[in-house]
Amino acid sequence: MSLTELPGEPEPLALVLDDAVLDTLAPGFPAADVDDLRISVHGPVFAAGDDGLAAEVTTWNVAIQHTPAIAVGATRAADVCAAVSWAVAHDLRVAVQATGHGPVRNAAGSMMVTTRRMQGVFIDPERRTARVEAGVKWKRVMEAAAEFGLAGLCGSSSDVGVVGYTLGGGLGSLGRKHGFAADHVLAVELVTADGELRRVTAASDAELFWAVRGGKGNFGIVTALEIELVPLTTLYAGGIFFAGDDAAAVLHAYRAWAPTLPEDVTTSVAVLRMPPMEELPPPLRGQTVVHLRFAYSGLDEAEAESLIAPMKGAGTILLGFVGPMRTDEMDAIHMDPVDPLPAWEKGMLLGDLAAETVDVLLAAAGPQVDVPLVMVELRQLGGALARQPEAPNAVAGRGAPWMVFVLGPGIPELAHVVPAVGRGVLRALEPWAAPGCPLNHLGDVSGPDEVAAAYLPATVERLRAVKRAVDPAGVFTFGHAF
Ligand SMILES: Cc1cc2nc3c(=O)[nH]c(=O)nc-3n(C[C@H](O)[C@H](O)[C@H](O)COP(=O)(O)OP(=O)(O)OC[C@H]3O[C@@H](n4cnc5c(N)ncnc54)[C@H](O)[C@@H]3O)c2cc1C
């Protein structure tokens, strides 16, 4: 199938606003009011027009750039309280950014609170917990926890922020064994629209605690999370790159093999169109390849070897390593890019991965097709990911056995092509779709209704009731707002 044969009209990048709109959304404020804000917070304040504003709010996914009316670089919870109160007093909606890995739309004209200066990590080895402040990336937690033989439920890249990742579900390489990261939250320190800091637990406010774990940034700004860690120092894990020519053989082998694995194993597989970058080893440079990821967190290395063995013969191996790995080296499983890049992305859950599903996926986006997608990924879910934790939460899409996720360049030249192609691939897979999608993988949305559709109707109703109670005026409406 070629690009032009994909169904549907090209869709514009829904979340890019033009300059004329941005201008109307960038109000000025009396200088004295801005001075008051500067006095009341410890971190820097940048108003529109100030040098440093753009750098303060810069994203990792540079496809989306934020143009807030004002930004506060929070250094502590009190700064967040002051920023939210000031914003509400000035009729501003409030956005939050930690690392910029997950912008959904330009937070134009907002008060943007940046949290990257909030870097506290405290590990309690006795209780096997960590208290993690809002700006912390997984890398720091994994390194600090490893000192005590513990690990957090990090995702494919430890460069991602703990808080944003966890509130959106948090699907990582230990997922089938331990569930979503959101399932391991013990307490949420949250600044709500009234400017108050609350410590939310299952005991203090069961409904808000349910909602914020999976409902992401819709209820306020989290200043810190208390999370459970799991006892683990090493796993048997890695990734294998197969030749793109063998994509059909590898994907069909994968779909038959993955369901036979125990919950100790979490896997995914992706068709990757690698850029022709010098930094990449020659077998991968500029090639379309299939990347199998494998993470075994059980105790028996021999078992791990025998579990991965059948896949080693599934196609021509270009490069790869699967073996013992420390928990703070887990980025080597997915090998995600580290440097900022422009990405358009979209995910969907699948209820089944039948032979025909794989054929349709290959016909829509396999190596033999000319599509501008960098990655088409299948993640195996199930296991603990399918079960609610002891204190249930609102993570969307729980229970589906598979997820498909597409990612392409989020650049203006392809703004009408990549979303159309990406959505076209997902449309082709719709016969196997399962309801919902964890917000972290929802990607591009046209608005609140598409976010709401990521949840079951009863869940959205319940989430919206919590939202009305804690944020009746809709102060927090950026990110994946429903
Ligand atoms: C390379 C890469 C790999 C990824 N791998 C995985 C993966 O394996 N599994 C997975 O589940 N996800 C994964 N993600 C998705 C990622 O978890 C989400 O994009 C997440 O939102 C990123 O959070 P952040 O704070 O780093 O990003 P930011 O862009 O800073 O924040 C994104 C959103 O998170 C929310 N948020 C952030 N901080 C706060 C806060 N203090 N209070 C309230 N809300 C907040 C807000 O809604 C905000 O808009 C990946 C993303 C990238 C770019």
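The largest cavity in this protein is lined by 13 residues, and Gly172, Ser173, Thr266, Thr267 and His334 are the ones nearest its centre. Strand E13 (265–273), strand E14 (288–296), helix H11 (331–334) and strand E17 (375–380) are the elements that each give two or more residues to that lining. Please keep in mind that this is a predicted model.

Which domains does the lining draw on? For the largest cavity, domain 1 (121–231) and domain 2 (234–445) each supply at least three residues.

How many cavities of 30 Å³ or more does a search of the whole structure find? The number is 2. The second largest cavity has a volume of about 40 Å³. Trp138, Gly152, Leu153, Thr166, Ala181, His184, Ile227 and Glu228 make up its lining. Sorted by type, that lining of the second largest cavity comes to 4 nonpolar, 3 polar and 1 charged. As a general point on this kind of search, a probe the size of a water molecule is rolled over the atoms, and that shows where empty space is left.

Now to the two domains themselves. The domain assignment gives domain 1 as 121–231 and domain 2 as 234–445. Taken over C-alpha atoms, their centres are separated by 24 Å. The contact involves 34 residues from domain 1 and 38 residues from domain 2.

How much area do domain 1 and domain 2 bury between them? The value is about 3000 Å², with 54% of it on carbon and sulfur atoms. On the domain 1 side, the residues that lose the most area to domain 2 are Ser156, Leu171 and Arg176, and together these three account for 30% of what that side buries.

Last, the charged pairs. Across the interface of domain 1 and domain 2 there are 2 salt bridges by the rule used. As for individual pairs, the side chains of lysine 177 and aspartate 264 form a salt bridge, at 3.0 Å from N to O.

Definitions and conventions: Residues are numbered from 1 along each chain as its sequence is written. This is a predicted model: local features need pLDDT of at least 70, side-chain atom pairs count only at pLDDT 80 or more; totals for chains, interfaces and linings use all residues. Side-chain values use heavy atoms; hydrogens and water are left out. On a 1 Å grid over the protein atoms alone, a cavity is a set of points where a 1.4 Å probe fits but cannot get out, and a pocket is an open set with protein on both sides within 12 Å along at least five of seven lines; lining residues have an atom within 4 Å of a point. Grid points are joined across faces, edges and corners, and a volume is the space filled by probe spheres set on the points. Helices (H or I, at least four residues) and strands (E, at least two) are DSSP runs, numbered from the N terminus. Domain bounds come from an automatic or database domain assignment. Ala, Val, Leu, Ile, Met, Phe, Trp, Tyr, Cys and Pro count as nonpolar, Asp, Glu, Lys and Arg as charged, and the others, Gly among them, as polar. Contact means heavy atoms within 4.5 Å. Buried area is the accessible area (1.4 Å probe) that two parts lose on being put together, summed over both. A salt bridge is a side-chain nitrogen of Lys or Arg within 4 Å of a carboxyl oxygen of Asp or Glu.
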